[in-house]
Amino acid sequence: MSADRSDREQIHDVLVRYATGIDTKSWPLFRTCFTADVHADYGDTGVWDGVDAITEYMTGAHEHMIATQHMMSNFVIDVDGDTASAASYVHVVLTLTEDPLRWVEAVGHYADELVRAADGWRICNRTYSMTRLLASEGVLG
């Protein structure tokens with residue numbers, strides 16, 4: 001049981017590290033969350049194959065944002081040997097300019113498949129489903 005608990009804690013750390021990597025714009029940290037051949041489907045936002053592709057997108061998308069907060073919760077993690085599944089909620093607040101009245105807020109959830117790699121757990125397949133998208137007036141056009 002202790003090994004299983006440790007696996008869950010490590011997977012939880014991967015999911016939080018993803019949010020931290022984006023919010024601090026630490027792209028090397030962000031990359032440690034994924035396998036080299038990750039498949040990431042973010043619905044209307046885009047689909048990426050490979051850690052290079054998703055990192056390139058996220059780097060560009062967040063480059064000019066003043067601040068972001070990816071708040072993760074409701075983690076459900078199921079470990080089966082060297083594979084695992086995880087579900088979590090995300091609430092994102094994106095500050096677009098120095099004007100704090102220009103923001104975007106998104107709420108959704110992630111469904112992840114993970115594998116145990118030599119250097120720890122990594123997401124190999126991710127699906128993001130948006131529940132709600134709000135923005136300050138004029139931001140989304």
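## Before you start

Residues are numbered from 1 along each chain as its sequence is written. Because the model is predicted, local features need pLDDT of at least 70 and side-chain atom pairs count only at pLDDT 80 or more, while totals for chains, interfaces and linings use all residues; side-chain values use heavy atoms, with hydrogens and water left out.

## The overall fold

Let's begin with the big picture. The protein has 3 helices and 6 strands, and from the N terminus its elements run α-α-β-β-α-β-β-β-β. Helices (H or I, at least four residues) and strands (E, at least two) are DSSP runs, numbered from the N terminus. The radius of gyration is 15 Å, close to the 14 Å that the globule rule gives for 141 residues, so the protein is as compact as a globular protein of that length. Here the radius is taken over C-alpha atoms, and the globule rule is 2.2 Å times the number of residues to the power 0.38.

Along its principal axes, the C-alpha trace spans about 50 × 30 × 25 Å. Of the 141 residues, 37% count as buried; buried means under 20% relative accessible area, exposed over 50% and partly exposed in between, with a 1.4 Å probe and protein chains only. Among contacts (heavy atoms within 4.5 Å) with a separation of 6 or more, 52% come from residues 24 or more positions apart.

## A cluster of aromatic rings

The structure holds 10 aromatic pairs. Rings of Phe, Tyr and Trp (its six-membered ring) pair if their centres lie within 6.5 Å; planes under 30 degrees apart count as stacked, over 60 as edge-to-face and the rest as tilted. Tyr-18 and Tyr-110 make an edge-to-face pair, with 5.5 Å from centre to centre and 80 degrees between the planes. Tyr-18 lies in helix H1 (residues 2-23) and Tyr-110 in strand E5 (residues 103-117), so this pair ties together parts that are 92 residues apart in sequence. Both of these tyrosines, Tyr-18 and Tyr-110, are buried.

Tyr-110 also pairs with Tyr-128, this time in a tilted arrangement at 5.4 Å centre to centre and 50 degrees between the planes. Since Tyr-128 lies in strand E6 (residues 120-135) and Tyr-110 in strand E5, the pair ties together parts that are 18 residues apart in sequence. Ring pairs link Tyr-18, Trp-27, Phe-30, Phe-34, Tyr-42, Trp-48, Tyr-57, Tyr-110 and Tyr-128 into a cluster.

## Salt bridges

Now for the charged pairs. The count comes to 6 salt bridges, each being a side-chain nitrogen of Lys or Arg within 4 Å of a carboxyl oxygen of Asp or Glu. One of them joins Arg-116 to Asp-82, with the closest N and O atoms 2.6 Å apart. Arg-116 lies in strand E5 and Asp-82 in the loop between strand E3 (67-80) and strand E4 (83-95), so the pair ties together parts that are 34 residues apart in sequence. Arg-116 is partly exposed at 34% relative accessible area, and Asp-82 is partly exposed at 48%. Asp-7, Asp-82 and Arg-116 are linked in a network of salt bridges.

Glu-105 forms a salt bridge with Arg-132, the closest N and O atoms being 3.7 Å apart. That pair links distant parts of the chain, with Glu-105 in strand E5 and Arg-132 in strand E6, 27 residues apart. Glu-105 counts as buried at 18% relative accessibility, whereas Arg-132 is partly exposed at 40%.

Met-58 lies in helix H3 (residues 51-62) and is buried, with a relative accessible area of 5%. Leaving aside neighbours within four places in sequence, Met-58 is in contact with Tyr-18, Ile-22, Trp-27, Phe-30 and Tyr-42. Met-58 and Ile-22 are 36 residues apart in sequence and 7.6 Å apart in space, C-alpha to C-alpha.

Thr-68 lies in strand E3 and is buried at 8% relative accessible area. The side chain of Thr-68 makes a polar contact with the side chain of Asp-23 at 2.6 Å. A polar contact is a pair of N or O atoms within 3.5 Å; within protein, one must be able to donate a hydrogen and the other to accept it, and residues adjacent in sequence count only if both atoms are side-chain atoms.
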